[in-house]
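Here's a quick briefing to read alongside the model. Grab your viewer and follow the topics one by one.

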Amino acid sequence: MAVKILSVDDELDLELLLTQYFRRKIRKGEYEFHFAHNGLEALAMLLKEKDFDIILSDINMPEMDGLTLLTKINEMQNPALKCIMVSAYGDMGNIRQAMNNGAFDFATKPIDLDDLSLTIEKAIEQIAYIKKMQQEHQQLESIKGDLAVAREIQQAILPSVFPPFPENAQQLDIAASMNAAKDVGGDFYDFFRIDDDHIGFVIADVSGKGVPAAIYMAVSRTLIRATAIRGVQPSECITYSNGLLAEESANSMFVTVFYGIYNIKTGEVTYTNAGHNPPYVIKADGSVKKLPISHNIIAGVIEGFQYLEDSLRLEHGDTLLLFTDGVTEAVNADVKEYGEARLVSQLKKCSKIGCQQMIDAIKADVDAFVGDAEQSDDITLLAIKRL
C-alpha cells in the first residue's frame with residue numbers, strides 16, 4: 001500500500017515541487033500525496049481520513065499554525081503517525097519546541113528535497129516498525145482473550161458444586177480445588193457417581209504447563225471419565241486409557257493419575273495409582289498415614305502396560321487427601337520447597353474439620369509459606385471423608 005503523506009503549507013508552489021520531485025514514487029504507487037493549506041484544513045482531513053502516515057507541516061501558517069496542529073495530532077494518540085515540521089533556518093526556537101512536542105524530525109526552508117526524501121524514508125521505517133508492534137500487540141491481546149475463555153471452559157468442566165452428592169451428605173464429604181499457575185493448567189480432578197453405592201474420583205497432573213498441557217488435560221479427563229463411568233475396575237480403566245493416550249501421544253507428553261472407586265456403605269477404596277504422588281489418610285484420631293508408593297508407571301508413555309490396583313478402608317471420621325506436586329513443590333523467595341513434612345504437620349491439625357476447611361487450610365498454609373514468590377506449578381487438592 002502507498003504511504004499517505006499530507007503536506008500542510010500555505011505556499012502553493014510546494015505542491016508542484018513535491019509532486020514533481022517524487023513523481024516516480026507516486027507513479028509506482030509507493031507515495032500518495034495530499035495537500036492542505038493551513039492547520040484547520042489539515043485537521044479536517046485527518047479527522048475524515050484516519051490512514052495518513054506522515055504529516056509534512058510548515059510551522060508558520062494562517063488560521064492554525066503548525067505547532068497547534070502538532071498538539072492536535074498528539075491528542076489523536078496515534079504513534080504510527082509521524083510529523084515532519086518545516087520552518088525557516090533561523091526559526092530554531094519553534095523547531096526546538098516542535099521536537100520537544102513530539103515531532104519526528106524537521107526540515108528547513110528552502111527545503112533540500114534530497115534530504116527530505118531521506119527523512120521520509122527514515123519515518124517510513126519507524127512507521128513500519130510501530131505498525132508491526134501494534135499488530136503483534138493486537139495478536140497478543142487476542143491470545144490473551146482466548147486464554148481467558150479457555151480458563152473459564154477449563155474451570156467449567158471441573159466439578160464445582162459442593163456437596164456433590166446431597167443424597168449421601170450424611171455419609172460422605174467431598175471437596176476439591178484447582179489453581180493453575182498460568183492462564184490454563186494441566187492438573188485436573190473429577191468425581192462422579194457410578195451406581196448407588198460407588199463414587200469414582202480422580203486427580204491427575206499432566207506434564208508441562210500452559211496451552212499444550214491444558215489440551216492434554218482435557219483429553220485425559222474426558223477419556224478417563226468416559227471409561228470409568230462404565231463401572232470397570234480402576235486397573236482396567238487406567239490400562240485402557242493409557243493405551244489410547246500412548247497411541248496418540250505427541251511431544252512425549254504424559255500424565256500422572258490416581259483413580260479410585262469409593263464404596264459409600266463400607267468405606268472401601270479400590271484404586272490405581274499411575275505414577276502420582278501417594279495420597280495421605282488422615283485418621284479420626286489425628287494420625288496421618290501415607291499410602292505406599294505405586295509401582296505402576298505414568299500414563300500415556302508405554303502402550304500395553306497392565307496397571308495394578310490396591311485397596312484401603314476408610315473408617316468413620318477418616319479422610320483421604322489427594323494432591324498434585326504443585327503443593328509440596330511450591331517454593332518461596334529463598335527457593336525452598338513447602339515439602340511433605342510441612343504438609344503432614346498441617347494435616348495433623350485437620351482431622352476434625354470438613355474437607356473444604358481442610359483444603360482451605362492447606363492452601364492458606366502454602367500461600368503463607370510461598371509469600372510473594374510466583375506460583376511455579378498448578379496446585380490441586382481433593383479430599384474425601386467418611387462421615
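Where does E63 lie? E63 sits in the loop that links β3 (54–58) to α4 (66–75). Keep in mind that this is a predicted model.

**Positive phi values**

- E63 isn't a glycine, yet its phi is positive, near 70 degrees.
- With a relative accessible area of 64%, E63 is exposed.
- Q77 is another residue other than glycine with a positive phi, in this case near 50 degrees.
- You'll find Q77 in the loop between α4 and β4 (82–88).
- Q77 has 70% relative accessibility, so it counts as exposed, the cut-off being over 50%.

**Cis peptide bonds**

- K109 and P110 are joined by a cis peptide bond, with omega at about -5 degrees.
- P110 belongs to the loop between β5 (105–109) and α6.
- The bond from F162 to P163 is also cis, and its omega is near 0 degrees.
- P163 is in the loop that runs between α6 and β6.

**The open sheet**

- Five strands make up an open sheet, and going across it you meet them in the order β6-β15-β14-β11-β12, with antiparallel pairing.
- β6 (172–179) and β12 (288–290) are the edge strands; each has a single partner strand, so one side of each has no neighbour in the sheet.
- From one strand to the next, the twist averages 15 degrees.

**Helix pair α1 and α6**

- Helix α1 (residues 13–21) packs against helix α6 (residues 113–157) at an angle of about 70 degrees, and their axes are 12 Å apart.
- That angle falls within 65 to 115 degrees, so α1 counts as roughly perpendicular to α6.
- On the α1 side, L17, L18 and Y21 make the contact, while α6 supplies L113, D114, L116 and S117.
- Sorted by class, the α1–α6 contact has 5 nonpolar residues, 1 polar and 1 charged.

**Helix pair α7 and α8**

- The axes of α7 (residues 210–228) and α8 (residues 234–247) come within 9 Å and cross at roughly 140 degrees.
- That makes α7 oblique to α8.
- The crossing of α7 past α8 is right-handed.
- α7 brings Y216, V219, S220, L223, I224, T227 and A228 to the contact, and they meet C237, Y240, S241, L244 and L245 of α8.
- By class, this α7–α8 contact has 9 nonpolar and 3 polar residues, with no charged ones.

- T256 has its place in strand β9 (residues 255–263).
- Is T256 buried or exposed? T256 counts as buried, because its relative accessibility is 12% and the cut-off is under 20%.
- Leaving aside neighbours within four places in sequence, T256 is in contact with I203, A204, D205, A274, G275, H276 and I298.
- T256 and N277 are 21 residues apart in sequence, and their C-alpha atoms are 8.2 Å apart in space.

Conventions:
Residues numbered from 1 in each chain as written. Predicted model: local features only at pLDDT ≥ 70, side-chain atom pairs only at ≥ 80, totals over all residues. Heavy atoms only, no water. Pairing = 2+ DSSP bridges. Helix = DSSP H or I, 4+ residues; strand = E, 2+ residues; numbered from the N terminus. Axes fitted to C-alpha atoms, helices over the stretch in contact; angles between N-to-C directions. Parallel < 35°, antiparallel > 145°, perpendicular 65-115°, else oblique. Left-handed = near helix turned anticlockwise from the far one by under 90°. Contact = heavy atoms within 4.5 Å. Nonpolar A, V, L, I, M, F, W, Y, C, P; charged D, E, K, R; others polar. Buried < 20%, exposed > 50% of the residue type's maximum accessible area, 1.4 Å probe, protein only.
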